[in-house]
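Visitor: I am new to this structure and would like a close look at a single part. Could you take me through the salt bridges?

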Amino acid sequence: EGEKYGYELLMELKERGGEMFTVKEGTLYPILYRLEDDGLASSRWSRTEGREISRKYYSITPKGRGELSELMELWRSFEKNVSGILEEKR
């Protein structure tokens with residue numbers, strides 16, 4: 001959803017996923033770089049004024065949205081099948 005810099009992404013993951021999806025900065029940035037290299041994300045540096053710190057903002061590309069849709073579909077299928085197996089065992 002829009003552009004976010006690394007720390008914002010970390011906080012949003014923590015907020016949305018709770019403790020299950022805690023990611024450290026040392027893990028996040030290599031992932032973001034790889035997503036950029038694969039054309040799934042893009043980035044831009046913010047312009048600074050005065051004492052502001054420049055931040056690198058990331059956003060998903062159209063190619064990334066397509067890949068995300070495919071992965072979400074795969075996850076839903078996986079979840080449905082695992083749930084079916086677990087229901088049989090009850």
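This is a predicted model: local features need pLDDT of at least 70, side-chain atom pairs count only at pLDDT 80 or more; totals for chains, interfaces and linings use all residues.

Guide: Here is a walk through the salt bridges, pair by pair. Residues are numbered from 1 along each chain as its sequence is written, and side-chain values use heavy atoms, with hydrogens and water left out.

Side chains of opposite charge can pair when their charged atoms come close. A salt bridge here is a side-chain nitrogen of Lys or Arg within 4 Å of a carboxyl oxygen of Asp or Glu, and the count comes to four.

Let us start with E3 and R44, whose closest N and O atoms are 2.8 Å apart. E3 lies in the segment before β1 (4-5) and R44 in strand β2, so this pair ties together parts that are 41 residues apart in sequence. Helices (H or I, at least four residues) and strands (E, at least two) are DSSP runs, numbered from the N terminus.

Next, K4 meets E12 at 3.3 Å, N to O. K4 is buried, with a relative accessible area of 15%, whereas E12 is partly exposed at 23%; buried means under 20%, exposed over 50%, and partly exposed in between (1.4 Å probe, protein chains only). K4 and E12 also belong to a network of salt bridges with R16.

Finally, E36 pairs with K56, their closest N and O atoms being 3.6 Å apart. Because E36 lies in helix α2 (residues 25-37) and K56 in strand β3 (residues 56-60), the pair ties together parts that are 20 residues apart in sequence.
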